[in-house]
Structure formats: C-alpha cells, structure tokens
Amino acid sequence: MTMLIKGGTVISATGATATEVLVDGEEVVALLSPDSDLAVSAAESAEIIDATGKYVLPGGVDAHTHMELPFGGTYASDTFESGTKAAAWGGTTTIVDFAVQSHGRQVRECLDEWMAKAEGNCAIDFAFHMIIGDVNDASLKEMDILVDEGITSFKLFMAYPGVFYSDDGQILRAMQTAAGNGGLIMMHAENGIAIDVLAEQAVARGETDPLYHGIVRRAEFESEATHRAIKLAKVGAAPLYIVHLSASEALTEVTRARNDGANVFAETCPQYLYLNLEDHLGAPGFAGAGYVCSTPLRSKHEHHHADLWKGLRTNDLSVVSTDHCPFCMKEQKELGTEDFRAIPNGIGGVEHRMDLIYQGVVQGEISLPRWVELCATTPARMFGLYPKKGVIQPGSDADIVLYDPAARWSISVDNHHMNMDYSAYEGLEIEGKVDTVISRGRVVLADGEFSGNAGDGRYVRRGLTQYLM
Ligand code: URP
Ligand code: ZN
Ligand code: ZN
C-alpha cells in the first residue's frame, strides 16, 4: 500500500517547498510536484494523508536520552516503552540512548544488558552510544569492536568522580582509540573534582537546597573542562562532541576551536534555552529539585540564553538534544531533601524538544529549515544515521511529522506522556503542535490518538559520523 502526503509544505534543512511525498511500505519513494501527472496518478491508488496547512518534516532525531538510567540509587523513570511513546507524541521518531559500561565491568556485558532493556520495548527506532565508565586496555579494544557493530560514539565524563569519571590520561587514550577507529568522543565537560570540593564546603555551611547544585557547578568549571577536552582532542587527533552545553563561557571555547578549524561540535538542550538558576533551581521549597541536572541551569542575570540561541544560528551549536533523564519528585528527587548532592541529576523533556525549538522559529531566533536541521538532519548526520533518518528523500525511512503551526496549547504534567509527576515546563504556552507522526511508513499518531506499539521500534546500526569539517 502506498501513502501520499498532500497539501503540505515540506521543510528540509535547506528550505521549504510545496511538495507531495509518496511513501511505499517503510520508505519514501518520491517527492512530487503538486498536481503533476505523477502526483495525480499516485493519488489514484494511495492512501491520502491531508497535510493542508501543515509543515511536513523528517521525524525528529533525539541523540541524547537516558531511558531507565541507574543514577544515585534510583532509575530514570521512563522505560524504553514509556519514553519512546512520549518521544513519538512529540514528533521524535529516533532516539540514540546511552548504554552504560559501569566501573569494573566489561563493555560487552553492559551493552547486552541495555539491548535487552530496549529490544522489543521501543515504539520508535533506537540506537545506542556507549558510555565508557572504565577506560582500560580491555574497554579500549572493545571500542573498536563496537564501531564495527554500529555503536560509533562514546561518552566520557570529566564529572561524577567515583562513578563515571575518567581522568585526563584515560580521556586521551580513548581519544587516540577513536582517532584510529573513526568513533566520535562525546564529552560531559565539567571539572567534577573541583565541583565536589565546592559542594562539600557548601553542605558544611548548611547550604543544602537544590539551588546550591547550580551554584557550586560554576560556569568556570564547565568552560575549563571544555577547553581541556578540546586540547586533549587536538593531541589525540580525534573529533569531539560536547554534550549538554549550558554556559556562554563553554560556548566561547567551542567557537574558538571551530574558528581554528578543529572538528569540535556541541549540542545544547531546551532546558538551557528556557529555564534558569534563580526561577527554577531556586524555586521555593524543594521544587528546585525538579530542575537539578548537569551541566546546571545558568543565571538569568547573565547572557546564556541569548548566547546559546546565537550559537544555534552560527552552528557553533550544531544539535539540540534533550538529555532526557526524568525522575519523579516523589521518592526520587526527594532522595535529596537534606542534601542537594543526593538529588538524582536529570530533567525529562523527550516529548517537547520539537515544540520548544519551534518557539525559536516563532520568536525569530532561527529559521524553519534551521529548526529541522538542528532537531533531525544534523543529529542524523552527526551520528551516522543519515540518509535513512533526518531527511525526506527517496530511499529514506518514512519517518515523517505533520506539524500544525496554527495550534495553541500549554505544556503540563496533565497532558504529557512521559512518566514524570511534574513538568519542567509547566504552563509554558506553545504555538504549533505535532499533528501526525509516521514511523517507517506507519501512522502512529493522528487525530490525538496514539496507535504505536512497544516493539514497533527497531534497533539501528549506525555508521561513522558524516559531519567532520
Ligand atoms: O543531569 C543529567 N544530565 N543527567 C543525565 C546524565 C548526564 O550527565 O548526561
Ligand atoms: Zn552528561
Ligand atoms: Zn545525558
């Protein structure tokens, strides 16, 4: 059975055109001029999807999620099933989640565990990065094998000493390995050793509220680590991708490296564009715990939001991911009522990325094609998923979103589909809405009804990054 998406405006990373999209089975097979002979004859035998007044986009690619992540004695509250369904509600049709090698364990057995959690449970397609939590001779060898198996990017942490932390020597060795096998090193760039000193001193002074999570994780610690990671990558001759960048000072480091011609890339996340230290982390009572994430939200009295939007325009920030890592307030964030250090780190947002970044189009921060580029095309290219994902063209997977620019609504815990008992964006008014979602040729969301199933999503083996300068 073929499907013809008619009447809409197809938005790609390079422009917007009135085009009809013909889908056969799981793939896009043609882009047709409206009312052309080919379009008229295709319409005779196809199921018609009416996209009049809608934008037609490639499905979103969220390259940074943490379903079921173990953290601080608990687990991220979205399972692969609940989290991928929520993603689809929000117009994301592929996630790249992080499998975790924990300290003292083999990469392979940890990856197998993650695969077992995800396989058969995802409603949309999924892939993995690997967190290398224990860089040693064995795990470095396993990185080579993983690249051959389609896991082509590796996250390292300069933060969380004693948990995920790698020292500079380990980082350099992993970068040298990536330089040899074509992998991409993704860096959590914060100086965790220095942060822990300030955190201990703050708690000793009785500064235990969630706000202090943001105060001790100073922007200098993010920019210093970003700078160090860039220099290590230069020596290691490896490309580098900085995850969840939040501070202007860190962006300056990335911009400088890119101006020098280095293969340094960075993502930011919606929380760093919309939320801030004072109003959210500093919310009355314990409400700020809902905003504890790392890197932290930054001060509204500085220029972070404006600088990050600028970085999204200039491509010094190339990708918007969510770093979706949800925890409920009850029994999870509450672990840290006495001490902010015990609050599990993370914010859920996999459902709202497309909408939140579209507000940048509404507000004149970015163009429509740039929205698609940041949320679908570049993440697909960056992480070796293109051109199956991130683009609507013959041969690509029919992962397609119809977006209604005329819709108006507000984000709320009462209407989201993530497994979270609060929303970090409660009450935020949104222009535009995901109307219809097609995942590999199958309509999974239409008319406000979700018809996707756990298990519909397939594991995707990724190629090497296609984004090097
Ligand atoms: O706070 C965050 N970001 N939690 C998830 C783990 C990570 O560092 O990405
Ligand atoms: Zn991180
Ligand atoms: Zn993360």
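The backbone oxygen of Phe98 lies 3.3 Å from a polar atom of the Trp114 side chain. This is a predicted model, so every value here is computed from predicted positions. Trp114 is found in helix H3, which covers residues 107-118. Is Trp114 buried or exposed? Trp114 counts as buried, because its relative accessibility is 3%. Setting aside neighbours within four places in sequence, Trp114 is in contact with Met67, Pro70, Phe80, Asp97, Phe98, Ala99, Val100 and Phe128.

Thr295 sits in the loop between helix H11 (277-281) and helix H12 (304-314). Thr295 is buried, because its relative accessible area is 1%. Which side chain makes a polar contact with the side chain of Thr295? The partner is Ser246, at 3.0 Å. Thr295 also touches other residues. Not counting those up to four places away in sequence, the set is His188, Ala189, Glu190, Glu222, His244, Leu245, Ser246 and Tyr272. The peptide bond from Ser294 to Thr295 is cis, with omega near 0°.

## Other backbone features

Most peptide bonds are trans, and most residues other than glycine have a negative phi.

Pro387 is found in the loop between helix H14 (368-382) and strand E18 (400-410).

Asp35 is not a glycine, yet its phi is positive, at about 65°. Asp35 lies in the loop between strand E5 (27-32) and helix H1 (37-45). Is Asp35 buried or exposed? Asp35 counts as exposed, because its relative accessibility is 62%.

Ala237 is another residue other than glycine with a positive phi, in this case near 60°. The loop that holds Ala237 runs between helix H8 (219-236) and strand E15 (240-242). Ala237 counts as exposed, with 58% relative accessibility.

## Cysteines

How many disulfides does the structure hold? The number is zero. Take Cys269. Its closest cysteine sulfur belongs to Cys293 and is 8.0 Å away, so the two are too far apart for a bond. Cys325 is in no disulfide either; its nearest cysteine sulfur, again that of Cys293, is 9.5 Å away. Cys269 is buried, with a relative accessible area of 0%. Cys325 counts as buried too, at 3% relative accessibility.

How many cavities of 30 Å³ or more does a search of the whole structure find? The search finds two.

| Space | Volume | Lining residues by class |
|---|---|---|
| Largest cavity | about 120 Å³ | seven nonpolar, six polar, two charged |
| Second largest cavity | about 30 Å³ | five nonpolar, two polar, no charged |
| Largest pocket | about 400 Å³ | 12 nonpolar, four polar, four charged |

The largest cavity is lined by 15 residues. Those nearest its centre are His66, Phe71, Tyr160, Asp323 and Asn345.

The second largest cavity is lined by Val10, Ile11, Ser12, Pro58, Gly390, Val391 and Ile392. Which element gives the most to this lining? Strand E2 (residues 9-12) does, with three residues.

The largest pocket holds about 400 Å³ of space. It is lined by 20 residues, and the closest to its centre are Phe71, Tyr160, Arg217, Arg341 and Asn345. Strand E9 (70-71), helix H6 (192-204) and helix H7 (211-216) are the elements that give two or more residues to the lining. Helix H6 gives the most, with five residues.

How values were computed: Residues are numbered from 1 along each chain as its sequence is written. Chains are lettered from A and ligands numbered from 1 in the order in which they are written. This is a predicted model: local features need pLDDT of at least 70, side-chain atom pairs count only at pLDDT 80 or more; totals for chains, interfaces and linings use all residues. Side-chain values use heavy atoms; hydrogens and water are left out. On a 1 Å grid over the protein atoms alone, a cavity is a set of points where a 1.4 Å probe fits but cannot get out, and a pocket is an open set with protein on both sides within 12 Å along at least five of seven lines; lining residues have an atom within 4 Å of a point. Grid points are joined across faces, edges and corners, and a volume is the space filled by probe spheres set on the points. Ala, Val, Leu, Ile, Met, Phe, Trp, Tyr, Cys and Pro count as nonpolar, Asp, Glu, Lys and Arg as charged, and the others, Gly among them, as polar. Helices (H or I, at least four residues) and strands (E, at least two) are DSSP runs, numbered from the N terminus. Buried means under 20% relative accessible area, exposed over 50%, partly exposed in between (1.4 Å probe, protein chains only). Contact means heavy atoms within 4.5 Å. A polar contact is a pair of N or O atoms within 3.5 Å; within protein, one must be able to donate a hydrogen and the other to accept it, and residues adjacent in sequence count only if both atoms are side-chain atoms. A disulfide is a pair of cysteine sulfur atoms within 2.5 Å.
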